[in-house]
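Dear colleague,

I am passing on the structure below, together with some notes on what was found in it. Please read the notes with the coordinates open beside you.

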Amino acid sequence: MSTGHLHLVKRGARYWWRRRIPVALARALSVAQLRRSLGTRDPVVARRRARRASAAFDEWLETVEKSMTDGRRAPSQEELKRVLDDLFEQVLADGEM
């Protein structure tokens with residue numbers, strides 16, 4: 001179910017962050033989109049966490065796209081998973097403060 005926020009989706013009672021990956025990177029990773037639970041049922045908290053996750057992911061994505069333009073390889077699926085785990089750990093921890 002759409003929530004009106006760009007990367008925020010409600011599934012059941014929980015909110016999730018969902019993000020498409022740019023085509024070039026998606027081909028390299030064999031992944032078209034990312035999904036992560038925002039760990040909340042509160043729409044206000046979910047919107048705040050989704051904005052933080054999107055901003056952090058945009059920064060990382062910009063760095064990756066620049067490095068790929070410079071001829072470096074795309075990150076592996078394992079590297080992407082590690083980055084997302086760290087990113088969401090930080091977003092959820094900041095939400096608790």
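In this predicted model, the side chain of Arg19 makes a polar contact with the side chain of Asp58 at 2.3 Å; a polar contact is a pair of N or O atoms within 3.5 Å, where, within protein, one must be able to donate a hydrogen and the other to accept it, and where residues adjacent in sequence count only if both atoms are side-chain atoms. Because this is a predicted model, local features need pLDDT of at least 70 and side-chain atom pairs count only at pLDDT 80 or more, while totals for chains, interfaces and linings use all residues. Residues are numbered from 1 along each chain as its sequence is written, and side-chain values use heavy atoms, with hydrogens and water left out.

Arg19 is found in strand β2, residues 14–20 (strands are DSSP runs of E with at least two residues, helices DSSP runs of H or I with at least four, both numbered from the N terminus). Arg19 has a relative accessible area of 10% and is therefore buried, a term that stands for under 20%, with exposed over 50% and partly exposed in between, using a 1.4 Å probe and protein chains only. Not counting residues up to four places away in sequence, Arg19 touches residues including His7, Leu34, Phe57 and Asp58, where contact means heavy atoms within 4.5 Å.

The three strands form an open sheet in the order β1-β2-β3, with antiparallel pairing; two strands pair if DSSP finds at least two bridges between them. The edge strands, each pairing on one side only, are β1 (8–11) and β3 (33–37). Between β1 and β2 there are four bridges in the antiparallel sense, and Val9 stands opposite Trp16 in β2.

Helix α2, residues 43–69, lies across β1, β2 and β3 and runs at about 25° to β2, with axes taken as lines fitted to C-alpha atoms, for helices over the stretch in contact, and angles running from 0 to 180 degrees between N-to-C directions. Among the buried residues of α2 are Ala50, Phe57, Trp60 and Leu61. At the start of α2, a side-chain oxygen of Asp42 reaches to within 2.9 Å of the backbone nitrogen of Val44, and α2 is followed by Gly71, whose phi is positive, near 95°.

Finally, His5 lies in the segment before β1 and is buried, with a relative accessible area of 19%. Leaving aside residues up to four places away in sequence, His5 touches Arg47, Ala50 and Arg51.
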